[in-house]
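Have a look at the model first.

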Amino acid sequence: MLHGYSPFVFQGGPWDESPYSKDGPADAEDNHAARTDPVEHRAAFPLAIAVLAACFIRMGDVILTNRNGKTNNREVTQVYLYLVQHAEAKSKEEDSKRGLTKQGLEDIKKVSGHAARRTPFEVGVVTHSGKLRAEQTATILAEQWEPHAGVIPVNDLEPTADPSIWGDRLALMENDTMLVGHLPHLSKLAGLLICGDANREPIQFKNAGIVCLEKDDDGSWSLRWMLTPEQV
């Protein structure tokens with residue numbers, strides 16, 4: 001069973017060098033998170049159960065702990081992946097580059113500030129797809145968490161990118177990583193990591209929401225927490 005759910009967990013660690021992106025590919029509509037219902041704190045337990053049912057995986061007891069601390073009376077080294085869907089963006093008609101809306105700016109500032117106040121994040125770098133809406137989201141996150149290597153655009157985070165590319169990179173990951181990207185890519189990547197199938201989407205992402213996945217010693221991934229604008 002999942003015990004003691006909290007939308008916060010400690011993070012830290014340097015960043016492994018990643019390919020830098022150049023000009024991003026053609027844009028794609030990815031603001032379709034309207035299908036995501038607001039996730040209240042009280043809905044966290046059903047969300048975790050849904051993930052388990054979708055993937056047929058088993059999660060052990062979850063107890064918050066410092067990195068390299070003790071969980072269930074044993075020494076562990078936790079590795080976390082933070083998947084962030086960019087905040088609400090303007091339409092192409094309103095802005096050809098699709099920068100963030102006023103509401104989008106407010107949402108990501110609220111979520112980022114809330115997380116930073118409650119959690120001693122130690123982000124090595126905040127990465128993004130190179131698209132303006134993702135870059136603006138990443139920049140605001142970095143203002144709160146002050147990553148050591150700053151904000152960096154990386155390849156293969158665009159909306160229609162092949163999720164297996166980052167799936168392969170993350171399999172070798174030994175340090176905490178934050179990816180600021182788009183749907184449907186982030187949803188497919190989460191499905192690939194948690195379920196082993198990119199066509200299964202166990203996480204319902206939300207604009208300006210942060211999803212934390214935890215990598216176990218055997219290389220498997222599980223949902224740790226999710227934080228959305230509606231929760232803060």
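Asp-156 sits in the loop between β5 (151–153) and α4; helices (H or I, at least four residues) and strands (E, at least two) are DSSP runs, numbered from the N terminus. This is a predicted model, where local features need pLDDT of at least 70, side-chain atom pairs count only at pLDDT 80 or more, and totals for chains, interfaces and linings use all residues. Residues are numbered from 1 along each chain as its sequence is written, and side-chain values use heavy atoms, leaving out hydrogens and water.

Most residues other than glycine have a negative phi, and most peptide bonds are trans. Here are some exceptions:

| Residue | Feature | Value |
|---|---|---|
| Asp-156 | positive phi | about 65 degrees |
| Ala-208 | positive phi | near 70 degrees |
| Leu-183 and Pro-184 | cis peptide bond, omega | about 5 degrees |

Ala-208 belongs to the loop between α5 and β7, and Pro-184 to the one between β6 and α5. Ala-208 is also buried, at 0% relative accessible area (buried means under 20%, with a 1.4 Å probe and protein chains only).

Now for α4 (residues 163–171): its buried residues are Pro-163, Trp-166, Gly-167 and Leu-170. They fall within an arc of 110 degrees seen down the axis, so they line one face of the helix (the arc is taken from the directions from the helix axis to the C-beta atoms). Their cover includes β3 (79–85), β6 (177–181) and α5 (185–195), counting contact as heavy atoms within 4.5 Å.

Technical notes
Buried means under 20% relative accessible area, exposed over 50%, partly exposed in between (1.4 Å probe, protein chains only).
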